[in-house]
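Please look over the sequence and the structure below before reading on. The briefing that comes after them is meant for a reader who is meeting this structure for the first time.

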Amino acid sequence: MVLNVTPLENVGVEVSGFDINQPVPDDLARELRQIWLEHGIVLFRDQDIDPQKQIEFSRLFGELELHPLAATQSREFPELFELVNDPEQEKFMVASYHGEQLVSKLDWHMDLHYTGKPNHGAVLRAVVCATEGGLTGFGDLAKAYDALDDETRALVEQLEVVYTFTMQRRNMRFVDTEGYEPSPYSPRKPSQMNYPNFPEIVYPAVVTHPVTGRKVLEIVELMLDRFHLPQRAGLCHDEAMDLMRELVAHIRKPEFHYFHQWREGDMVLWDNWRAMHSTTGTRPGTARRIHRTTIKGDTILGRELTPH
Ligand SMILES: O=C(O)CCC(=O)C(=O)O
Ligand SMILES: [Fe+2]
């Protein structure tokens, strides 16, 4: 197979010339891994995929992880999670944004970030595509870091950021809550979802990618709370808040984003140590089903913030 790599809009690449039904010799597997690490966000189209093939393909990039959300796990294929718009669950997933009801909209995040040990990557495959909406956004935080000016880079490199596990979106400090109304059914406590009461996690504001050595701006909206002891870098609280708002505005710039509108046969692989992602959500009553596999992370990137 001869792989063709073409840039997507702004960030990430599309790979053509690949067929998931053909054997993957070692040199092709190496090339695929290299494309994944070099670009962070990789789209494949027109693939004839089934769960087993998706699992085998995902294993080319590392050992697979079983998601802590056992409820979303497929019984037949434990490595596969199903993200389904389920009419029975919809009332828990819906919220109002400027008067518009949206199901399963999600702000920019990295998966398992709140554990300090995010998975290295994941593969999403569209099984049922939403007739409208349901886009998945991907954002390249290595490019976001590269685009900072020298002075901001030098400052940010001295800082650490705290992520606080939060069930209620309205209690997150840096998501856009204007015009936002949660559903009365949205869970209030981690225990309602069988989650523990996760401790706060601290990351360097600039994380060095464990494999590529690229610098990644570790700022995502979801559960972002504050800089940890910004005074150590000479910042007072107000300066720290201003800088955080600037950085959040920076990672929201469309030049770092690619929004994928799903078509049947599409598969997206991303590097969760480098790329953030988000979802636009769908209108209530819209069918959507995504199959997801997760590539394990064997490196601790964030540490627990203990009280002493
Ligand atoms: O439903 C999607 O488009 C992606 C959901 C998501 O955040 C994930 O799979 O980690
Ligand atoms: Fe996610």
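What follows takes up the strands, the ligand, the core and several single residues in turn.

This is a predicted model, in which local features need pLDDT of at least 70 and side-chain atom pairs count only at pLDDT 80 or more, while totals for chains, interfaces and linings use all residues. Residues are numbered from 1 along each chain as its sequence is written, and chains are lettered from A and ligands numbered from 1 in the order in which they are written. Helices (H or I, at least four residues) and strands (E, at least two) are DSSP runs, numbered from the N terminus, and two strands pair if DSSP finds at least two bridges between them.

**The open sheet of four strands**

- Four strands form an open sheet in the order β7-β18-β9-β16, and their pairing is antiparallel.
- The edges of this sheet are held by β7 (106-109) and β16 (257-260), each of which has a single partner strand, so one side of each is left without a neighbour in the sheet.
- On average, neighbouring strands of this sheet are turned by 15° against each other, direction ignored, where the axes are lines fitted to C-alpha atoms (for helices over the stretch in contact) and angles run from 0 to 180 degrees between N-to-C directions.
- The antiparallel strands β7 and β18 are joined by two bridges, and His-109 has His-277 in β18 as its bridge partner.

**Ligand 1 and its shell**

- Ligand 1 is surrounded by Leu-83, Leu-106, Asp-111, Leu-124, Thr-136, His-277, Thr-279, Ile-290 and Arg-292, a residue being near a molecule or strand if its C-beta atom, placed from the backbone, lies within 6 Å of it.
- At least two residues of this shell come from each of β18 (275-279) and β19 (289-295).
- By type, the shell divides into four nonpolar, three polar and two charged residues, where Ala, Val, Leu, Ile, Met, Phe, Trp, Tyr, Cys and Pro count as nonpolar, Asp, Glu, Lys and Arg as charged, and the others, Gly among them, as polar.

**Other strand pairs**

- Strand β5 (residues 94-97) pairs with strand β6 (residues 100-103) in the antiparallel sense over four bridges, and Ser-96 stands opposite Gln-101 in β6.
- The hairpin of β5 and β6 has two residues between the strands, and His-98 takes a positive phi near 50° there.
- β5 also pairs with strand β11 (residues 180-182), in the antiparallel sense and over three bridges, with Tyr-97 opposite Tyr-180 in β11.
- Strand β12 (residues 201-204) pairs with strand β10 (residues 160-163) in the antiparallel sense over four bridges, and Val-161 stands opposite Tyr-203 in β12.
- Antiparallel pairing over two bridges also links β12 to strand β20 (residues 303-304), where Val-202 stands opposite Arg-303.

**The largest nonpolar core**

- The largest nonpolar core has 60 residues, and those with the most contacts inside it are Leu-141, Val-161 and Ile-251; such a core is a set of buried Ala, Val, Leu, Ile, Met, Phe, Trp, Tyr and Cys residues joined through C-beta atoms within 7 Å.
- Leaving aside its neighbours within four places in sequence, Leu-141 is in contact with Val-216, Leu-217, Ile-251, Arg-274, Ala-275 and Met-276, contact meaning that the C-beta atoms of two residues, placed from the backbone, lie within 7 Å.

**Single residues in loops**

- A residue is buried if 20 or more other C-beta atoms lie within 10 Å of its own, exposed if 12 or fewer, and partly exposed in between, with C-beta atoms placed from the backbone.
- Most residues other than glycine have a negative phi.
- Ser-104, in the loop between β6 and β7, has a positive phi near 60°, and Ser-104 counts as buried because it has 22 C-beta neighbours inside 10 Å.
- Met-223, in the loop between β14 (215-217) and β15, has a positive phi of about 70°, and with 24 C-beta neighbours inside 10 Å Met-223 also counts as buried.
- Leu-235 lies in the loop between β15 (224-228) and α6 (237-251) and is partly exposed, since 18 other C-beta atoms lie within 10 Å.
- Pro-23 has its place in the loop between β2 (13-16) and α1 (26-39) and is exposed, with 7 other C-beta atoms within 10 Å.
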